[in-house]
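Here is a short note for a colleague opening this structure for the first time. Please keep the viewer open while reading.

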Amino acid sequence: MRIQVINPNTSAHMTDAIGDAARAVAGPGTEILAVNPADGPPSIEGHYDEAMAVPGMLAKVHDGEQAGVDGHVIACFGDPGLMAAREVAAGPVIGIAEAAMHMASLIAPRFAVVTTLDRTRIIAAHLAEQYGMARHCCAIRATEIAVLELDDPASDARARITAECRAAIEQDRAEALVLGCAGMADLPRALSDELGVPVIDGVGAAVKLVESLVGMGLGTSKAGDLAYPVAKTYTGDLGRFSP
Ligand code: 5HY
């Protein structure tokens, strides 16, 4: 089975790390294609970045469909353009926030999200509401670490993430933790060993969900609003996206 893991920002070093994390959990026989668009924001840290990342992400979904991949993962914690991607895909498309929240709710009644900038917390809160996970999500904590600072060896990102995770356990009584950025995908096992609670990374969770759905012969339903887009000609620079 071939799964395309799309990092919707344009930072190739982050895509490499996301690909490694996906391969670390992928089953035997699963090939991971880790990609990012050439055009768009180098990191996604708000509503505007998210909106501007979507066309590039959708272009990668199109490419993957033409290449015949079995499913897609949107590896950004805002799950940008998830429903639009499902319209143009035959196989499953899973967002890492949706995957991580659902997996966490299966193993702990209360989970907290630990994310990057404070300004992105509202995006996670809206997604928890939208996915029916708000009743399980006891807190959304920000580390105030910029996305591209996460893998900067000079930053104390690891220590700040651990501190917020510990606070979520001690103050919010979280029983599991969801890492709120694809750039944290290399951390769950070490954090879980250190903190003694399950720590879920969305990249791994989403890969396993795509594998499960494809393994059951399930793809995106084309019976309703996720049917392929109505054919029409877009104008201007977006002409190449005409469905
Ligand atoms: C992510 N941004 O997973 C989100 C995290 C965030 O570029 N990849 C990004 O801060 O919302």
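1. A term comes first: two residues touch, or are in contact, when they have heavy atoms within 4.5 Å of each other. The model is predicted.

2. Start with Thr116. Thr116 touches Ala142, Thr143, Glu144, Ile145, Val147, Leu150, Cys181 and Met184, leaving aside residues up to four places away in sequence. Its place is the loop between strand S5 (111-115) and helix H5 (121-130). Is Thr116 buried or exposed? Buried means under 20% relative accessible area. Thr116 has 3% relative accessibility, so it counts as buried. Thr116 also lies 9.6 Å from Ala157, C-alpha to C-alpha, although 41 residues separate the two in sequence.

3. Now the chain as a whole. It holds eight helices and eight strands. Of its 243 residues, 52% count as buried. The C-alpha atoms fill a box of roughly 55 × 35 × 30 Å along the principal axes. The radius of gyration is 17 Å; a compact globule of 243 residues would have one near 18 Å, so the two agree. Take the contacts between residues at least 6 apart in sequence: 71% of them join residues at least 24 apart.

4. Look next at the open sheet. Four strands build it, in the order S2-S1-S3-S4, with parallel pairing. Strand S2 (31-35) and strand S4 (93-95) are the edges, each pairing on one side only. On average, neighbouring strands are turned by 20 degrees against each other, direction ignored. Strands of a sheet pair through backbone hydrogen bonds, either parallel or antiparallel.

5. One pairing in detail. Strand S1 (residues 2-6) runs parallel to S2, and five bridges join them. Which residue of S2 stands opposite Gln4? That residue is Leu33.

6. Helix H2 (residues 47-66) lies across S1, S2 and S3, at about 165 degrees to S1.

7. Last, check Asp79. Asp79 sits in the loop between strand S3 (71-74) and helix H3 (82-88). Asp79 is buried, yet it has no salt bridge. Where is the nearest side chain of opposite charge? It belongs to Arg86, 7.1 Å away. A salt bridge would need a side-chain nitrogen of Lys or Arg within 4 Å of a carboxyl oxygen. Beyond four places in sequence, Asp79 touches Ile74, Gly95, Ile96, Ala97, Glu98, Leu127 and Tyr131.

Technical notes: Residues are numbered from 1 along each chain as its sequence is written. This is a predicted model: local features need pLDDT of at least 70, side-chain atom pairs count only at pLDDT 80 or more; totals for chains, interfaces and linings use all residues. Side-chain values use heavy atoms; hydrogens and water are left out. Helices (H or I, at least four residues) and strands (E, at least two) are DSSP runs, numbered from the N terminus. Buried means under 20% relative accessible area, exposed over 50%, partly exposed in between (1.4 Å probe, protein chains only). Lys and Arg count as positive and Asp and Glu as negative; His and the chain ends are not counted. Two strands pair if DSSP finds at least two bridges between them. Axes are lines fitted to C-alpha atoms, for helices over the stretch in contact, and angles run from 0 to 180 degrees between N-to-C directions. The radius of gyration is taken over C-alpha atoms; the globule rule is 2.2 Å times the number of residues to the power 0.38.
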